[in-house]
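Hi everyone, thanks for having me.

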Amino acid sequence: MVAERGLREGAWFRSAVFYEIPVRSFYDSNGDGIGDLSGVTAKLDYLSELGVGAIWLLPFFRSAWRDEGYDIVDHYEIDPSLGTIEDLDRLVAEAHARGIRVLGDLVTNHVSIDHRWFQEARKDRASPYRNWFLWSDSGKEFSRTRVIFRDLEPSNWAWDDAAGQYYFHRFYATQPDLNYDEPAVRAEMFRVARFWLGHGLDGFRCDAVPYLFKREGTRCQSLPEVHQFFRELRAILDAEFPGTVLVAEANQSVPETVQYFGDGREFPMVMHFPLMPNLYLALAEQDPRRLRHVLQATLPAPPGCGWAYFLRNHDEVTLEQVSDDEREMFLWIYGRHPKTVLNGGVRRRLAPMLDGEDGNVVLMTALILSLPGAPFLYYGDEIGMGDRLDLPDRDGVRTPMQWTGEANAGFSTLPPERLLRPPVEDAPYAPAARNVADQRTRPDSLFHRIQELIRVRSAHVEEFGSEGLLAEDVRVPGVFAFWREQAPARVLCLYNLSRAAVSGSIPLSPELRAAPVPIAGEVALERSESTLRYSLLGRRFAWVRFVRPVLGAPNAPSAVSGSESG
Ligand code: BGC
């Protein structure tokens, strides 16, 4: 199946709004209580209506389901609970027909203990698969490697009776790591990628990329070999599936994260893990300075590349990229409930973290929609879905999408108690209070406000899809301001992170003295000869567009200076 041309042209991924879907939680099309691929197909019109340009599906391969599909049992089969290969083909075709690209999730680091490769490897030292995994007699190697699921796993090594040795696992013990020093493993992963791209996928979000290679004495992350592997994968995509994209999940420090762009030769998109917790901290502090610092250190992405911004995803909010003090502050503000903290992070959804206030959700969403790169929205956040802290691990942020106000959220034909996971029940977030059907009918709903943001971003995609950002030093406490530009237009993006109303003024260079047009948000503007005065209520934002007069055009001012504000 070949994706429609057009869909993969240019840096399409910087213009699109991405939407993350845990397939099992989205819509159950066959009444078995589990969301499935045909369920996603059935809801494509909804995604189109929202304005989504690409979806990222959580792993849909045959799985042991001990880690939401990230524990693969067969890379070449669709898990029967999610549908068939024909269902996937139909989903891709229907999505493409609506201008929506489809990303899969490429899980390279590990497989399930139930995978045939591991089963063969553990029972026979002479098996060709033995070297596909990492074994040890002592379980003491790679001792500098941090344990990621630190609340759930004591070590990165697990003893296996059948093998008579320890095996290495970066995540759950049910997910043995593959040995990337084995050439057959690398070749197999390239084969897996080709297989699914051959089914029309427009690319992959690549899971846990920093960890593929292990070297004694290092922290076993972001080693040069990792970059080499993904450059090879990228070269395959460029040569055989042009215009497809790879998005790196690399939860690393700023300098290490930036390296995943590989100067334009590795990942076209990298998830902005260093920015994410700072967005919440800046909001709580009512002070954008930390955002300026992180963006200064990470922008612009190399030509042809873009950052992938996100507020929430299917995991906990990870706090590995902030200092100890910042982590403490974060947990004090956002992690007060005793059941909130998991692996040092916060397992909550966007709306409950933001006090259930639509205005906060709109502000934060507008912010990630306006930065250079692309936003990744998490399913249900566009209607302010809540979470369930009574569910284990990260299940509480993976509850059924709330389509209607019925007790089963309109997710399935089954009653709530027969669903894979129960829907949210807490009053302010229960399906009766927050659901798609209701929000569609109310013009002021969160759904419509997010939809409008996406519409405006898409209508001005030249500016918002451009590569850079011009910071504006407004010196008004709480206000974060920058410009997005693609000549002849410029959009001023203004965010008031403080709870108080603010006003200030921005000097306008002569070329920008054309009438400013507010295109989104709520702002009062007053333009004098050389400045723009603005007033924003607490926690409000505005996007204000200017079009520079074209020299020589009728009514163009005779002298246009080239000086830039900002
Ligand atoms: C995914 C998690 C998963 C882990 C192991 C992560 O980075 O986002 O959901 O548990 O990889 O595959």
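Predicted model: local features only at pLDDT ≥ 70, side-chain atom pairs only at ≥ 80, totals over all residues.

Now find helix α10, residues 276-285, and helix α11, residues 289-298. How do their axes cross? The axes of α10 and α11 come within 8 Å and cross at roughly 155°. Therefore, α10 and α11 are roughly antiparallel to each other. On the α10 side, the contact is made by Asn-278, Leu-279, Leu-281, Ala-282 and Glu-285, and α11 brings Arg-290, Leu-291 and Val-294. Sorted by class, that contact has five nonpolar, one polar and two charged residues.

Next, helix α14, residues 358-370: its axis and that of α10 come within 12 Å and cross at roughly 135°. That angle makes α10 oblique to α14. The crossing is right-handed. Here Leu-279, Tyr-280 and Leu-283 of α10 meet Leu-363, Met-364, Leu-367 and Ile-368 of α14. Which classes do we find in this contact? It has seven nonpolar residues, with no polar and no charged ones.

Finally, let's turn to some strands. There is an open sheet of three strands, in the order β6-β8-β7, with antiparallel pairing. The edge strands, β6 (135-136) and β7 (157-160), each pair on one side only. Two bridges join β6 to β8, residues 165-168. If you zoom in on Ser-136, its bridge partner in β8 is Tyr-166.

Technical notes: Residues numbered from 1 in each chain as written. Heavy atoms only, no water. Axes fitted to C-alpha atoms, helices over the stretch in contact; angles between N-to-C directions. Helix = DSSP H or I, 4+ residues; strand = E, 2+ residues; numbered from the N terminus. Parallel < 35°, antiparallel > 145°, perpendicular 65-115°, else oblique. Left-handed = near helix turned anticlockwise from the far one by under 90°. Contact = heavy atoms within 4.5 Å. Nonpolar A, V, L, I, M, F, W, Y, C, P; charged D, E, K, R; others polar. Pairing = 2+ DSSP bridges.
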